[in-house]
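Here is a short briefing on one protein chain. Look at the sequence and the fold, then work through the points below.

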Amino acid sequence: MDPKEKRYFEFLKQKVNMDADEKLVKFYSCALYDKIILQGKLYVTSGRICFHSYFNAANLFFGSTFLQIPKKDIVKIEKRWGVTLM
């Protein structure tokens with residue numbers, strides 16, 4: 001595990017109650033649309049997918065956003081390029 005991966009994995013362990021055998025598989029820069037577009041990171045582990053942004057939709061500059069979805073609840077993953085604005 002390179003130093004960047006190790007730093008992200010340590011960050012996740014602080015945020016999430018991870019199993020001892022759960023591993024960080026990959027991480028990506030991405031954005032989440034929630035009233036506004038939140039730039040952040042998508043963390044894929046062996047047991048869940050997590051999204052973290054230092055911003056939040058309710059108050060852009062104060063607070064952060066952290067979402068996690070357990071692997072058992074994931075039905076479909078779709079990769080999209082670009083941003084769709086409505």
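Asp73 has a relative accessibility of 45%, so it counts as partly exposed. The labels work like this: buried means under 20% relative accessible area, exposed means over 50%, and partly exposed lies in between (1.4 Å probe, protein chains only). The model is predicted: local features need pLDDT of at least 70, side-chain atom pairs count only at pLDDT 80 or more, and totals for chains, interfaces and linings use all residues. Residues are numbered from 1 along each chain as its sequence is written, and side-chain values use heavy atoms, leaving out hydrogens and water.

**Salt bridges**

- Side chains of opposite charge can pair when their charged atoms come close.
- The structure holds three salt bridges. Each needs a side-chain nitrogen of Lys or Arg within 4 Å of a carboxyl oxygen of Asp or Glu.
- Asp73 bridges to Lys72, with the closest N and O atoms 3.3 Å apart. Lys72 is exposed, at a relative accessible area of 72%.
- Glu10 pairs with Lys13, and their closest N and O atoms are 3.3 Å apart. Both sit in helix α1 (residues 3-15), three residues apart, about one turn of the helix. Helices (H or I, at least four residues) and strands (E, at least two) are DSSP runs, numbered from the N terminus.
- Glu10 is partly exposed at 34% relative accessible area. Lys13 is partly exposed too, at 41%.
- Arg48 forms a salt bridge with Glu22, the closest N and O atoms being 2.9 Å apart. Arg48 is in strand β3 and Glu22 is in the loop between α1 and β1 (24-34), so this pair ties together parts 26 residues apart in sequence. Both Arg48 and Glu22 are buried.

**Strand pairing**

- β1 and strand β2 (residues 36-45) pair in the antiparallel sense over ten bridges. Two strands pair if DSSP finds at least two bridges between them.
- Which residue of β2 is the bridge partner of Ala31? The partner is Gln39.
- β1 and β2 form a hairpin with one residue between them. Lys35 in the turn has a positive phi of about 70°.

**Aromatic rings**

- A pair of aromatic rings is described by the distance of the centres and the angle of the planes.
- The whole structure has three aromatic pairs. Rings of Phe, Tyr and Trp (its six-membered ring) pair if their centres lie within 6.5 Å; planes under 30 degrees apart count as stacked, over 60 as edge-to-face and the rest as tilted.
- Tyr8 and Phe27 pair edge-to-face, at 4.5 Å centre to centre and 70° between the planes. This pair links distant parts of the chain, with Tyr8 in helix α1 and Phe27 in strand β1, 19 residues apart.
- Tyr8 and Tyr43 also pair edge-to-face, at 5.7 Å centre to centre and 70° between the planes. Tyr8 lies in helix α1 and Tyr43 in strand β2, so the pair ties together parts 35 residues apart in sequence.
- Ring pairs link Tyr8, Phe11, Phe27 and Tyr43 into a cluster.
- The charged end of Arg7 sits over the ring of Tyr8, 5.4 Å from its centre. This label needs NZ of Lys or CZ of Arg within 6 Å of the ring centre and within 35 degrees of the ring normal.
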